[in-house]
Amino acid sequence: MGRYTCRRILLGILALFVLVTAAFFLTRMMPGSPFQSGNVSESVLRSLEREYGLDKPAGGQYVTYLGNLLRGDLGMSYKKPGTSVAEVIARAWPVTFSLGFLAILLAVVLGTVMGVWQAVTERKAVKGGIFLGTMLGTGMPNFVIALLLALLFGVKLKFLPVAGLTGAANYVLPVVSLAVYPASVITRMIHNAAEEEMKRDYVVMARAKGLGRRRILITHVLKNAWLPVLNYIGPAAAFLLTGSFVTESIFTIPGLGREFVTSIANRDYTLILGLTVFMGTVVIGINLITDLVGAWLDPRVRRTCR
């Protein structure tokens, strides 16, 4: 287990290094300059680029950026004078985290309940309804779901607000729109895994002892059926906790996703890189934790780690 942990940590560090390198040189390939807007003269433009070190070769800028990054310095935003990238992240991250956490929590609870219900029910109408719902949930793009919810409950029925994040009611539509896809996937995974587990020998033995199907499923089967779901939750949680660009833009939420889209439109190199580094660290960290928890819970993974 120790070797597996060290290997996964080293792979995570390598992945983050590759991500930072690729993001740095891709930003430098963007056409134009961060300061090329309005009626800025050529001399002022060159002066600003010299002040921020953008007149140096890309290789030299890369080495300087890596050195600052190792010291924990993400730099200053080009388009927000006097504001550091760390300040932008500190302001936007709690918003994105609250949305992502609530969305993944809703997806896990709803997906588990619906998956178990689909597995235990004998009603064909219920099975067919849940199956159809999961098909729609996994097939429709996130922005379509968000727009439909906003139009129906916000514009047509006027039940819920569709812009900003000023109160509890503002969370409902963006959280639900973010949770639809992962909840549908978890429902299908729980249902399929539960049906497979119900064919195992230990289930046959439990039935022979007189235990009911529903009790066997909830008490014994669900624990094993949850192992593949755990592997899915890691990437899903990483995506939700680092911000859904489309959802935050549709509902005008000042989170990481919206900041990232704005930074690309403004060619704000340092903000693009800082958000990429932060999001990449969160994604790699969550995937690492998920892998380690899965290895700890599953004896088959632990045996391969020796």
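Visitor: How much accessible surface does the chain have, and what share belongs to carbon and sulfur atoms?
Guide: About 16800 Å², with 67% from carbon and sulfur atoms. The areas are Shrake-Rupley values with a 1.4 Å probe.

Visitor: What kind of model is it?
Guide: A predicted one: local features need pLDDT of at least 70, side-chain atom pairs count only at pLDDT 80 or more, and totals for chains, interfaces and linings use all residues. Residues are numbered from 1 along each chain as its sequence is written, and side-chain values use heavy atoms, without hydrogens and water.

Visitor: How many helices and strands?
Guide: 13 helices and 0 strands. Both are DSSP runs, helices being H or I of at least four residues and strands E of at least two.

Visitor: And the overall span of the C-alpha trace?
Guide: About 85 × 60 × 30 Å along the principal axes.

Visitor: What percentage of residues is buried?
Guide: 41% of the 306 residues. Buried means under 20% relative accessible area, with a 1.4 Å probe and protein chains only.

Visitor: Now the largest pocket. Which residues lie nearest its centre?
Guide: Tyr 52, Thr 64, Asn 68, Tyr 78 and Thr 270, out of 19 lining residues.

Visitor: Which elements give two or more residues to that lining?
Guide: Helix H1 (2-28), helix H3 (58-70) and helix H12 (269-297). H3 gives the most, with 5 residues.

How values were computed:
Buried means under 20% relative accessible area, exposed over 50%, partly exposed in between (1.4 Å probe, protein chains only). On a 1 Å grid over the protein atoms alone, a cavity is a set of points where a 1.4 Å probe fits but cannot get out, and a pocket is an open set with protein on both sides within 12 Å along at least five of seven lines; lining residues have an atom within 4 Å of a point.
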